[in-house]
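Welcome to this short tour! Open your viewer, get ready to select residues, and follow along stop by stop.

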Amino acid sequence: MQYKRILLKLSGEALMGERQYGIDPKRLKVYAEEIKSVIDQGVQVAVVIGGGNIFRGLAGASNGMDRVQGDHMGMLATVINGLALQSALEDEGIETRLQSAVKINEVAEPFIRRRALRHLEKGRVVIFGGGTGNPYFTTDSAAALRAIEINADVILKGTRVDGIYTADPEKDKDATKFDDITFKDVLQKGLKVMDTTAFTLSHENELPIVVFDMNKPGNLLKLVSGEKIGTKVNLS
């Protein structure tokens, strides 16, 4: 395996599948099977999921809601998604732990770095919920922060598209894909990979990012095995 410890970042919208809102059990099962395929190869996996399928703090703020209040609601949405993924993974026979940056002791462990590392070493999937625990920070930032804290080899950002393009391929048919790109080029070209805080954190801590299509069966295992899947953001 090219990577021994990964941080998988999934958007909340990805869990909707074909639905307009909420969680699609079929999509959850597919993701659980994909994660199991790499766990079976001895890869240590941590996961951060967004909450956009349930609630977005920024969207709430744009409609007049207090931003801090809205972000707290978004954090709780990520915990709900984490519980759903935890259930799907355990249905596949995978041991998991859900850790939350927001204290909800009845449903999740508090985030404790050393405990998270120990879980990973024992082969458990660790799901990080509650974002960073602070308003004004996205789950992209949470993914970068947690990846650095657990000494992950890479952030794998699973999306609906198969990499980074010159423009949104779902809107621009002439958009071309990058197989590899540097952090510097992403910034110069103004490409949207992760939010600026997350991207800067990753760059400063020399943590590569790979953007790939999570919805194509087998992609996660191929990527972790070293195949050229998606787009890799390299340090240089």
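Which side chain does a polar contact of 2.7 Å join to that of N53? Select N53 and N81: their side chains are the pair joined at 2.7 Å. (A polar contact is a pair of N or O atoms within 3.5 Å; within protein, one must be able to donate a hydrogen and the other to accept it, and residues adjacent in sequence count only if both atoms are side-chain atoms.)

Before moving on, remember that this is a predicted model, where local features need pLDDT of at least 70 and side-chain atom pairs count only at pLDDT 80 or more, while totals for chains, interfaces and linings use all residues. Residues are numbered from 1 along each chain as its sequence is written, and side-chain values use heavy atoms, leaving out hydrogens and water.

Stay with N53, in the loop between β2 and α2 (57-62). N53 counts as buried because its relative accessibility is 1%. (Buried means under 20% relative accessible area, exposed over 50%, partly exposed in between, with a 1.4 Å probe and protein chains only.)

Next, select strand β1, residues 5-10. Here 6 of 6 residues are buried, with R5, L7 and K9 on one side and I6, L8 and L10 on the other.

Finally, show β2, residues 44-49, which runs parallel to β1 and is joined to it by 6 bridges. (Two strands pair if DSSP finds at least two bridges between them.) Look for L8, which stands opposite V47 in β2.

Technical notes. Helices (H or I, at least four residues) and strands (E, at least two) are DSSP runs, numbered from the N terminus.
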